[in-house]
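Me: Please take a close look at one helix here, and then at the surfaces around it. I am new to this structure.

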Amino acid sequence: MAVLSMVEAIRSTLELEMARDERVMVLGEDVGRSGGVFRATDGLQARFGAERVVDMPVAEAAIVGASIGLASAGMVPVAELQFLGFAYQAYHQIAGQLGRMRSRANGRFGIQVTVRAPYGGGVRAPELHSDAFESVLAHCPGLKVVAPATAADAKGLLATAIRDPDPVMYLEPLKGYRLVRDEVPEGEHLVPFGRARVARPGTDVTVVAWSAMVGVAEEAAAAAAGDGISVEVLDLRTLVPLDVAALGEAVARTGRAVVLEEAPQTAGFGAEVVATIQEEAFLSLEAPIRRVSGYDTPIPMPAMEDDYVPDLRRALAAIRETARY
Amino acid sequence: MAEPLRIIAPDGSQVGEPPAGLGDGELHSMLRLMLLGRRIDQKAISLQRRGKLGTYAPLSGQEAASVGSVFAIDRASDWVVPQYREQLAMLHMGLRLSTYLLQRMGHPAGAEIPADANLYPQQVALAAHLPHAVGLAWGFQLTGRDAMVLTYFGDGASSEGDFHEACNLAGIRGAPVVFVCQNNGWAISTPWSIQSAAETIAGRADGYGMPGVLVDGNDVLATYEVTRKARERALAGEGPTLIEAVTTRLGAHTTADDPTRYVSPEQVEAARALDPIARFTAWLRATDRWDDEAEALAVKWCDGEIERAVEEFDATPKPRHGAFFDDVYAEEPERLRRQRERFHADRAELEEG
C-alpha cells in the first residue's frame, strides 16, 4: 500500500475508473488543461482526451444539468463543482432535478452521476468558498451524500459513487486535500455506502463526525485519553444512506455522545444525528447529546474562520462535560 | 421586427413554398393531431371542472407550433425533451393519451413513458430541462449516435438562467439540439413587452454562436420546414439552432388562471384571427387535400381517441398507498425501507379502524 494524500487518492481513483469504464467522463471548470484548481484531475485530459475530460464554461447549473442528459445518453459523468459554495448556483438542478429523475418517470431514467465538490473551512478561502451545507443536500430525496475523511475512504467511496446507479454528491474536505495522508489500497478498492467506520475505539464517549471533523475528533480523543477519558470516534463516511445501526450500537456501548460538525448549528446534519441516536439508543443515554458546530452566521471571512470552525479545544471541552455529566 | 417565416397566411392563402417531403397522408395526420389537441383541451377542462383532473395547461392556439416541429424529426431515433404544453408532441412520440390525463391528476401511472418512446418526462420547472436536452444531445455525439434532440420552452422560460447556460453550452459543444421556443406572448399574465426589452428571442442566438430562426408558429408548414432544416443541420454536425415560433394562447395559462383579468377582448379577437387550425384547414381545402368527408372522419377519429383514453383513465384504479416510495433509488436505503414499513403498518392500523 502506498501513502497518498487525499487529493492524490481522488485523482488516481478517477484515472482508474476512467480506464475501467469508457463511459466515465469528467467535466467541470478548469478540470482539463489545468488539471483542476486543486489538481484533482491532473493528467487526466492528457491520458483520456478532451472529449472525456471536459473544460466547461463557468456555469454550474449547466454542469449538473448537462450531466443529467449525458447520463440519459449512456455516459457516466463525474462533474466537479470547484467549491461547494458554487453549488448554490446549481441548487435548482441538484435538488429539483438530479435526485428526482428516477421517480419522475417511474424508474425509467436512473441518473448515474457523481458530483464532486470540496468544502469546509480552514484554508483561508474567500467568501462562499468554504460553505458547509451538506445537510441541505441530505434533505433532497433521491441523492446520496458522501463525505470521506481519509485518503483510503476517498478512493473507496469515490469508486463506489461512480459505479452507483443513483446520483451521488461526493464532498471532499478542502482542508484535508493535502494534510490528510494515509495508506491507500492499490487496485480495486470499494467502500460500501451506509457503513460508518470506527476511526478510534473507546468506551466512555462516542464522538460522531464526518469529513474534516474526523481529524479534529481524533485529536480531541487523544487529548482526552490524557484525562483518563476513553473516546470512540465514529466516522459516518456517508450521510445518505446513514448507518443508523452503527449510531445506535455505538451509543449503546458508551451511553454518551458528542456530534462534531462545521456547518451552522440550526438544522445542520448534526441535528439529524442527535435525533437518530435518541430514537435508536434512548435508554442507553447517560447524558444529553452535545453538538459542537459552527454558529448560525454566514461562515466568516478567512481572518475570522479559526474562531468559527470547531477545533480541538471546543471538542475536548464538550467531551469532558459529557463524560462528567 | 423581422418578419417570421410564413408559408400559409392567416387567411389560408399560400405565400411560400410548401415542404417537398410532406405527402397528403402526413399532412392529414398533422391536421388530425391538431384537431385532437383542441378537443383534448375541451375534455380536460371539463374533467377538471368536475374535479377529476388537477390543474390543466391548455394548448389551444399552439397546435401548429407543437405539431409542425415534432413531425419534422424521426421519432424512431430522435428525442423530445418537453416542457408542459407539448401534449401533442408527447403524444406523437408515443405517450398514451390516458397516461397524459392520469398525469394531470397526479396519478403515478401518469409518469409511465413507454420504453420505446424517445421522450423525457415533461418538465415543470421552467427551462430546467434545457441543460438536460443539451447533455442528451452531447451524449449522442460522444456515443456516436446519429440522432438529435428537440426541446421546447416558452417565452417566460427564456428569462431563466438555465436557458442561457443551456444555449451557451450547446453552442460550445456544437450539440445536435434544436431549441423551439413557443412564444405565445404571455407568461401567465406577463406580456412579452415586460418580459424582455429584446424584440425577439431568436435574436439572442447570435450570442450563443448559433442561428436563430423566427417562424410563424401558427403556420404548421413553416414550423415544420424550419425544424426540418435545423434537424438536418444538427445531424450534419453543424450544431444547434434556436427557433422562435411566434404563436398564440387562445385560452388561459392553466385552469387555475383567469385571463379576463389581463387580456382584453380585442386581444382575444386578434388571437382568434390567427387560429392555426382554421388556417391549415383552409389551405388543405384550397389545394384539394381536404373536404367535409375528411373532416367528419377526422372528428370521428378524435372522438374515438378521447373516448378510449377517458375509458382507460376511468378504469385505472386509485394509486396504491405508498407508491411514492417506489423508484426513489435503484436500491432502497435501509432508512427509507424502515419508513416504508412504518407507513404500511400505520395504514394497516388505520384500515383495521
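Reply: Start with helix α2 of chain B, residues 63–70. 8 of its 8 residues are buried, so the helix is largely enclosed by the rest of the structure. The buried residues in α2(B) are E63(B), A64(B), A65(B), S66(B), V67(B), G68(B), S69(B) and V70(B). A residue is buried if 20 or more other C-beta atoms lie within 10 Å of its own, exposed if 12 or fewer, and partly exposed in between, with C-beta atoms placed from the backbone. Helices (H or I, at least four residues) and strands (E, at least two) are DSSP runs, numbered from the N terminus.

This is a predicted model: local features need pLDDT of at least 70, side-chain atom pairs count only at pLDDT 80 or more, and totals for chains, interfaces and linings use all residues. Residues are numbered from 1 along each chain as its sequence is written, while chains are lettered from A and ligands numbered from 1 in the order in which they are written.

Now the two chains. 35 residues of chain A are in contact with 32 residues of chain B; contact means C-beta atoms, placed from the backbone, within 7 Å. On the chain A side, α3 (60–72), α4 (91–98) and α5 (101–104) each give two or more residues. α3(A) gives the most, with 9 residues.

Next, chain A itself. Its domain assignment gives domain 1 (2–184) and domain 2 (197–324), with bounds from an automatic or database assignment. Their C-alpha centres lie 26 Å apart. 27 residues of domain 1 of chain A are in contact with 22 of domain 2 of chain A.

Key: Two residues are in contact if their C-beta atoms, placed from the backbone, lie within 7 Å.
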